[in-house]
Amino acid sequence: MLTLQKRYVIIDINIIYIRYLWGEFMQDTAKIFGYTENNKTCYKLKFNQIEYTTVSSVCGKSVFDFLWIGIKEFNAIFVSVAAAFAKGGVEQAVKAAAPFVNKNSYLTIYIAAFIDFLADESTADYFSHFLGSDFSLPQKGSNHYIMNVIDSMAASIEQKKAEFKFYFDKISKEKNGSLSQRFAMYADESKLFNFNFDIFYDADDETITYPLVTMDDVIRFDVMQMLVNKIKFKPCKCCGEYFIPAGRSNSEYCDRIMKNETRPCSEIGALKTFDIVHKNDDIHKAYITAYRRMDSRQRSKLITKDEFKEFGKLARAERKKCYNGEITLEQFQDWLDDFR
Ligand SMILES: [Zn+2]
């Protein structure tokens, strides 16, 4: 068993030697190692310039939250990190990044990779490879080099978001097959849905981890774990965007803040529901008031029992129209008032 130490678990014997070499290479190059724990996707970050750290969130949650972050926000975050680094090195950069770290696993990883790159120019090739095929490193020494790097990062992030949205819409509309099967259909077309991974058995920790060498690996690993762990996602009833309800909650609303709003959907949505319930209260109140009036008329023999029954039947039909929005509360009230 000792031979397993720091090597990959390889299934295909024919390619074992190549895979072994590749494995050693991956182990040396990878700075992120993925694993799962209690339905959470965890990433161990082992960057050179930053303390080792682990970020985690419910499998798949980072994907949907990541799609939500606007490109201007990404830009502003990277610019502030770069400015802090220029002033006070890694320490200041880490401080500037602190408010954004842990908000989203991918964002944290992007920031960590960026600081690592700022601190050690010799890692430029690694950084470029890490960001993926949709990133191109600007000419070194060019004017506004760092700003160009940030623009290039933002463009590659937009590309990944667009790709994910494009395929996700297709997968959501597709009716045949399980969710996993529908994702797997696009494995050849999109690098984000290819779920083949190398496995790394770490004998020191006695854990199985997945070395993730590109940002695409980071994302597809999370998507795969979402499918494996059968994590449910659904559209938010307020903003319409997909989200993963927290814990076991059967919440209908996401906890993100829409553009031009100050409160999250969960609060706005709950208020909307309250408004509807409240409105229904008024409809019910109008009906009950008229019903009581007619009931007392019946008891004082001003109308017959049959007339009272007939009123109840008609009034409930009108009330239904009002609940459905076919008539307004005012129209319903007028109808009740006219029934004398
Ligand atoms: Zn929402």
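Asparagine 38 counts as exposed, because it has 9 C-beta neighbours inside 10 Å. The cut-off for exposed is 12 or fewer. This is a predicted model, and every value here is computed from it.

Asparagine 38 sits in the loop between strand 2 and strand 3 (40–45). Its phi is near 45°, a positive value in a residue other than glycine. Most residues other than glycine have a negative phi.

## Lysine 301

Lysine 301 also has a positive phi, about 60°, although it is not a glycine. The residue lies in the loop between helix 9 (265–299) and helix 10. Is lysine 301 buried or exposed? Lysine 301 counts as exposed, because it has 8 C-beta neighbours inside 10 Å.

## Confidence and overall make-up

The mean pLDDT of the chain is 85. Of its residues, 88% reach 70 or more. Residues 1–19 are another matter: pLDDT stays under 50 over this stretch. For residues 1–19 the model has 18 contacts beyond four places in sequence.

The chain holds 11 helices and eight strands. It has 340 residues, and 27% of them count as buried. Take the contacts between residues at least 6 apart in sequence: 55% of these join residues at least 24 apart.

Strand 6 (residues 207–212) pairs with strand 2 (residues 32–37) in the antiparallel sense, over three bridges. Glycine 34 has tyrosine 210 in strand 6 as its bridge partner. Strand 2 is also one side of the loop that holds asparagine 38.

Strand 6 pairs with strand 5 (residues 200–202) as well. This pairing is antiparallel and runs over three bridges. Here tyrosine 201 stands opposite isoleucine 208 in strand 6. How many residues lie between strand 5 and strand 6 in their hairpin? There are four. In the turn, glutamate 206 has a positive phi of about 55°.

## Tyrosine 106

Tyrosine 106 belongs to helix 4 (residues 105–119). It counts as buried, because it has 21 C-beta neighbours inside 10 Å. The cut-off for buried is 20 or more.

Which residues does tyrosine 106 touch, leaving aside those up to four places away in sequence? They are Ser62, Phe66, Val218 and Ile219. Serine 56 is 50 residues from tyrosine 106 along the chain. The C-alpha atoms of these two residues are separated by 9.7 Å.

## Helix 10 against helix 11

Helix 10 (residues 305–323) packs with helix 11 (residues 329–338) at an angle of about 170°. Their axes are 9 Å apart. The two helices are therefore roughly antiparallel to each other. The cut-off for that label is over 145 degrees.

Helix 10 brings Ala315, Glu318, Arg319 and Cys322 to the contact. Helix 11 brings Leu329, Phe332, Trp335 and Leu336.

Definitions and conventions:
Residues numbered from 1 in each chain as written. Predicted model: local features only at pLDDT ≥ 70, side-chain atom pairs only at ≥ 80, totals over all residues. pLDDT = per-residue confidence, 0-100. Contact = placed C-beta atoms within 7 Å. Axes fitted to C-alpha atoms, helices over the stretch in contact; angles between N-to-C directions. Parallel < 35°, antiparallel > 145°, perpendicular 65-115°, else oblique. Pairing = 2+ DSSP bridges.
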